[in-house]
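Welcome, and thanks for taking a look at this one with us. Please have the sequence and the model open side by side as you read.

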Amino acid sequence: MKKWIPAALALWASAVVFSQVQQDTVQVEQQENTVLDITTDSQGGELPVLKTEIDSLVVDSLSWKRFTYPEVDAYEENFLTELYNNDLYDYMHDEIVQMDYSEIVTQKLPTDTLKARLKQINAETPFQIDYNPILEKLINKKLGYQRVYLERLMTLSDYYFPMFEEYLDKYDIPLEMKYLAVVESALDPRIKSRVGATGLWQFMFTTGRNYGLEVNSYVDERMDPLKATEAACKYLRSLYNIYGDWDLALAAYNSGPGNVNKAIRRSGGYKNYWNLRPYLPRETAGYVPAFQSIMYLFKYAKEHGFQPARPTVKSIATDTIRVKQMITLEHVAQFTDEDLEVIQFHNPSYKLDIIPVIKGKNYNLRLPLYAAGRFVSNEDSVYAFAKAQFEKREKPLPELLKAPDRVRYTVRKGDYLGKIARKYGVRVSQIKRWNGLRSNNLRIGQRLYIHPRKPVATQTIKKSDDATSHTVKTGDSLWKISQAYGTSIANLKKLNPQKSKDLQPGMVLKLK
């Protein structure tokens, strides 16, 4: 059964229209080597979708009826940049662990104003939010020079917070607990801490298993936003049942109930967090102030002039599809003409970018609505294509390959992070973390250190570095063209906004 994924600012009207178009799909009788799906719009007009020639493994992507908003494409591009730029975790972690509370911080916010606002927040939440010099210093520090990080976190929150709030409400947990994921992971579902805690809610392996999160060679549900959020809610509810105090539940979530209990004993029996703080581990001592500072800055973002990018409906309205046969995210990207990074973002729990099929278990593929429509309308063709690709392999699946511990890669003309990540079977965010990259920009000759999952690329790409245009041929798709010229689907769409929506043989696409 498909499950609707709530998303911020989603326009329900668009989803209803999409469903009507999907219901009008008409399947044409399958021929021996070709599967061609025809959809009809509400006026009865025919819309060709996808044609797959299984023998030659050629994918011809035509057009799926979709609702476009050309005037907001720039905003969407900015939003997606924020989603895939995963350098926020180190910033958040260093803020908690390495904060020097003795340093002098420039006063950006009058103390009286801060006290009044904290009093207002305290009246609206079950958390104990009182003025404290440490909290004031932390807020002023963030206001002083970390605005760019906070705006990016606010952008990400528009995607994740609606997901969190559904489960927080289900388990009767204060909605403000959503800010905990900001502190824990900087809203990066694939992040892994130095001690092995993983995902948005930073579950350790054993704790995740105890709360029903599956971890195997293919799947790590600690990185699944919905499943991990429900597990976190169960854990937080159990901690609150122990202490009857949300601040202590927060401290126990970070350092474990054992450390909180020892701090209570060492303090002489105090149960207020600020009285226990000197007796808690250093990281936990900075944990609750970081949580409270994030809560304040998000609630008063407008008053402080924060201007995060805002997503549009086509960026974040998603649907899930239960996978019936083993398939890779790369196969999905080819058939939906989406950038692989977009597919990976919506499906972070698949460690090898492979969705397995295991008896007794259900694994779902999550896609933007318009891409989900393309996939469902051509589901049999996608599975046939994936099966043929798997059968052509002469090597074992990626997790069985022996790759070197680390390689040094020199950036060449036409390279970009997504392309390099696919070559070695890793994530863009991992390459950035291994090399301390703060953006997606690369320069020719730059050296990158990579810990590969596979020793070689899955395919050899023949391309012309000097080409400035491409004439569309039968069998071409945006994916195929992007691979041939070492560019990205997003760049092709940007350079050819109208033509890329409905590829036709003979069209000339700009490449640069």
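What follows is a short tour, from the overall make-up to single residues.

This is a predicted model, and its secondary structure comes to 22 helices and 13 strands. Of the 512 residues, 54% count as buried.

**Overall make-up**

- The protein exposes about 23,500 Å², and carbon and sulfur atoms supply 49% of that area.
- Among contacts with a separation of 6 or more, 70% are between residues 24 or more positions apart.

**Nonpolar cores**

- In soluble globular proteins, nonpolar side chains tend to be buried together.
- Here the largest nonpolar core has 71 residues. Those with the most contacts inside it are Tyr160, Phe164, Met177, Leu180, Trp201, Tyr253 and Tyr296.
- Helix H6, residues 147-170, gives the most to this core, with 11 residues.
- Apart from this core lies another, of 37 residues, which includes Leu340, Ile354, Tyr370 and Leu511.
- Which residues does Tyr296 touch, leaving aside those up to four places away in sequence? They are Leu109, Leu114, Arg117, Leu118, Ile121, Ile139 and His304.

**Helix H5**

- Helix H5 covers residues 133-145, 13 residues in total. From its first C-alpha to its last it reaches 19 Å, close to the 18 Å expected at 1.5 Å a residue.
- Asn132 caps the N-terminal end of H5: a side-chain oxygen of Asn132 lies 2.8 Å from the backbone nitrogen of Ile134.
- The buried residues of H5 are Leu135, Glu136, Leu138, Ile139, Asn140, Lys141, Lys142 and Leu143. Ile139 is also one of the residues that Tyr296 touches.

**Salt bridges**

- A search of the whole structure finds 6 salt bridges, including the pairs described here.
- Glu165 forms a salt bridge with Lys178, and their closest N and O atoms are 2.6 Å apart. This pair links distant parts of the chain, 13 residues apart: Glu165 is in helix H6, while Lys178 sits in the loop between H6 and helix H7 (179-185).
- Glu230 forms a salt bridge with Lys170, with 2.9 Å between the closest N and O atoms. Glu230 lies in helix H9 (residues 225-243) and Lys170 in helix H6, so the pair ties together parts that are 60 residues apart in sequence.
- Lys170 counts as exposed because its relative accessibility is 54%.
- Arg222 forms a salt bridge with Asp220, the closest N and O atoms being 2.9 Å apart. Both Arg222 and Asp220 are buried.

**Around Tyr424**

- Tyr424 lies in helix H19, which runs over residues 417-424.
- Why does Tyr424 count as buried? Its relative accessible area is 9%, and buried means under 20%.
- The C-alpha atoms of Tyr424 and His451 are separated by 8.0 Å, although the two residues are 27 residues apart along the chain.

Methods:
Residues are numbered from 1 along each chain as its sequence is written. This is a predicted model: local features need pLDDT of at least 70, side-chain atom pairs count only at pLDDT 80 or more; totals for chains, interfaces and linings use all residues. Side-chain values use heavy atoms; hydrogens and water are left out. Helices (H or I, at least four residues) and strands (E, at least two) are DSSP runs, numbered from the N terminus. Buried means under 20% relative accessible area, exposed over 50%, partly exposed in between (1.4 Å probe, protein chains only). A nonpolar core is a set of buried Ala, Val, Leu, Ile, Met, Phe, Trp, Tyr and Cys residues joined through side-chain atoms within 4.5 Å. Contact means heavy atoms within 4.5 Å. Accessible areas come from the Shrake-Rupley method with a 1.4 Å probe; for residues, only the protein chains shown count as cover. The expected span of a helix is 1.5 Å times one less than its number of residues. A polar contact is a pair of N or O atoms within 3.5 Å; within protein, one must be able to donate a hydrogen and the other to accept it, and residues adjacent in sequence count only if both atoms are side-chain atoms. A salt bridge is a side-chain nitrogen of Lys or Arg within 4 Å of a carboxyl oxygen of Asp or Glu.
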